[in-house]
Amino acid sequence: MIFYITESIGGTTWDNGRKHKASHIKVGIANDVEQRFKEYNIVLPYISPVRKYPVSKSFGRNLEKMFKYYLREFRLWRSECYHVSPKEAIFFLSRCYISSGQVMINHLSKRPEKGHLFYLDSIYFGKKIPLFIIKKVRKFKKDSIDRDFSIELIKDWGRKKTKAFYGERYDFHYEEVIEDKYNFSKNILYHFIKRREDVIQNQINLWNKYNDENKDQILIEDMIEFFSQQMFWVLRDYNLIFKNNKKKKKVFIRDFEFFEKKLKSYQSLVPGESLGICVRRIRARYFYSLSWMLDTKGSPSKLKSDPYMFTTDLRYWTRFSATSKIYKSLLSNKY
């Protein structure tokens, strides 16, 4: 499945008999985004997506529901359209990802023999930063068919490497722009990813084993989900180290701190539990994380020792309640 956010759509609304110009975006999930937008283009010839993320069906559905639940005040009637800008929608989407222990990454694959280039979304550092390439390599020199996944971490990048990746199809105005001007001489993210190389390689080995037994069944959505979770820990490490460094850009630091708060709460309730199990428990409760963080009603938990309801049945809020300032903070880091 693909979760998408459209560019701004112009329109007209009526209020007390007066005509008002308005703009909005649409979000949704689809198996075939190109076909979906062909249908949209019949009515809106120039509309296109500004973001497309491969997601599992269940995660995509929850993202749609989080837009409806938290951005109710901006929703256009009962549709999946919202009176927010594309940038604000992307900002909110990233908060939804972080609350689930993930960050937004995407991939490019213009030439199959070059593999999939995974990059970090520009919402974090203002640039799409290349992270690593996953390609299929021969198991044996004389066997051109039997291949395994292999990873190549990206320590430096530039226009020449972008051109090499695209080959003759390279164009300075291609659809998904990978940033050539990022300062890779100080590529801090590379070193954080390097710390997790063993974990990543173990997962790749499992994919290769699975493919051997199931005739290539690993989907790009599975890769994206795993790498999104791994890059969450990379950006968490980045924030922890540079939290007090004024020269470094902070990356959704309040949201990462809140995830840390939930993690410590669960570890205090169930001491000795492995980190993996703790995080899975948090992810199972992520839908209402923004409520626990921002809802003026506070947590509905009856136990002060368990404000995030890890050991009790989850009780649902009937409606997200927040001040005007908090609503705006869902869409921008200016508040």
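Which residue in β8 is the bridge partner of Tyr119? I looked it up, and Pro130 is the partner.

**Ground rules.** I'm working on a predicted model, so I note that local features need pLDDT of at least 70 and side-chain atom pairs count only at pLDDT 80 or more, while totals for chains, interfaces and linings use all residues. Residues are numbered from 1 along each chain as its sequence is written, and side-chain values use heavy atoms, with hydrogens and water left out.

**Whole chain.** I get 12 helices and 9 strands; these are DSSP runs numbered from the N terminus, helices being H or I of at least four residues and strands E of at least two. Of the 335 residues, 48% are buried (under 20% relative accessible area; exposed is over 50%, partly exposed in between, 1.4 Å probe, protein chains only). I also checked contacts (heavy atoms within 4.5 Å): among those between residues at least 6 apart in sequence, 63% join residues at least 24 apart.

**The sheet.** I traced an open sheet of 4 strands, ordered β6-β7-β8-β9, with antiparallel pairing (two strands pair if DSSP finds at least two bridges between them). β6 (105-108) and β9 (147-153) are the edges; each has a single partner strand, so one side of each lacks a neighbour in the sheet. From one strand to the next the twist averages 25° (axes are lines fitted to C-alpha atoms, for helices over the stretch in contact, and angles run from 0 to 180 degrees between N-to-C directions). β7 (residues 116-120) and β8 (residues 129-138) share 5 bridges in the antiparallel sense. Helix α6 (residues 188-195) packs on this sheet and touches β7, β8 and β9; the helix direction makes about 45° with that of β8.

**Salt bridges.** My search of the whole structure turned up 13, each a side-chain nitrogen of Lys or Arg within 4 Å of a carboxyl oxygen of Asp or Glu. One of them joins Glu80 to Lys26, with the closest N and O atoms 3.1 Å apart. That pair links distant parts of the chain, 54 residues apart: Glu80 sits in the loop between α2 (57-70) and β5 (81-82), Lys26 in strand β3 (residues 18-30).

Is Lys26 buried or exposed? I find Lys26 buried at 16% relative accessible area, whereas Glu80 is partly exposed at 22%.

I also noted Glu197 with Lys194, 3.0 Å from N to O; Glu197 is partly exposed at 27%, and Lys194 is partly exposed at 39%. Through shared partners, salt bridges join Lys26, Lys68 and Glu80 into one network.
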